[in-house]
Amino acid sequence: MSETSEKRLEKVRFMNMCMIQDGRGNVLALDKVNDSYTGTTFPGGHVEPGELFFQSMIREVWEETGLTIENPEFRGLYHWHKDGVHHVITLYRAYTFCGELESSEEGRVYWISLEELKAKKLASGMEYVLEMMESETIKECYVRREADRYVGTVHGN
């Protein structure tokens, strides 16, 4: 590998998150616990080596909720750099699912209206995730640390 190619390499951690809607105005919320990332969020997790992004999304939702989603719709990318690693979350939205809702060690899962969700103590960055999930044009958000808070920059098409 050339020195120029070597300089272009960076460590990347791929993750995913899915907003599941029930067709009655509710979304599936996860009150995340036992992690450095806590608060109300959507189901999701890490992409395993060699795993396709959409397959990892289906697996993570099943592990955290007991539901099997079908045809998750890609919504965009949410990413940031921390400790020399580029963290990238692929965002999905799903309307079709089957199974019995069941909480996991990740936290309690439950149906809640989108408006009620927005009023809860959300996990860090969820305001940007929600903006992307609700927008038909915003497809990317990059988050950076400024002073004592995180600030996101969104990009559309």
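Reader: Where is the place of Thr-90?
Author: This is a predicted model. In it, Thr-90 sits in strand E7, which covers residues 85–94.

Reader: Is Thr-90 buried or exposed, and why?
Author: Thr-90 is buried, because its relative accessibility is 2%. The cut-off for buried is under 20%.

Reader: Which residues does Thr-90 touch?
Author: Leaving out residues up to four places away in sequence, Thr-90 touches Met-15, Asn-16, Met-17, Phe-53, Phe-74, Gly-76 and Leu-77.

Reader: New topic. How many residues has the largest nonpolar core?
Author: That core has 25 residues. Phe-42, Tyr-78, Leu-91, Leu-117, Met-126 and Val-129 have the most contacts inside it.

Reader: Which elements each supply at least two residues of this core?
Author: Strands E1 (11–20), E2 (26–32), E7, E9 (107–113) and E10 (138–146) do, along with helices H3 (114–119) and H4 (126–134). H4 gives the most, with six residues.

Reader: What about another core?
Author: Another core, of 11 residues, lies apart from the largest one. Leu-30, Met-57, Val-61 and Leu-67 are among its residues.

Reader: Now the sheet. In what order do the three strands of the open sheet come?
Author: The order is E3-E2-E9, with antiparallel pairing. Strand E3 (39–41) and E9 are the edge strands, and each pairs on one side only. On average, neighbouring strands are turned by 30° against each other, direction ignored.

Reader: How many bridges join E2 to E3?
Author: Three bridges join them.

Conventions. Residues numbered from 1 in each chain as written. Predicted model: local features only at pLDDT ≥ 70, side-chain atom pairs only at ≥ 80, totals over all residues. Heavy atoms only, no water. Helix = DSSP H or I, 4+ residues; strand = E, 2+ residues; numbered from the N terminus. Buried < 20%, exposed > 50% of the residue type's maximum accessible area, 1.4 Å probe, protein only. Contact = heavy atoms within 4.5 Å. Core = buried A, V, L, I, M, F, W, Y, C linked by side-chain atoms within 4.5 Å. Pairing = 2+ DSSP bridges. Axes fitted to C-alpha atoms, helices over the stretch in contact; angles between N-to-C directions.
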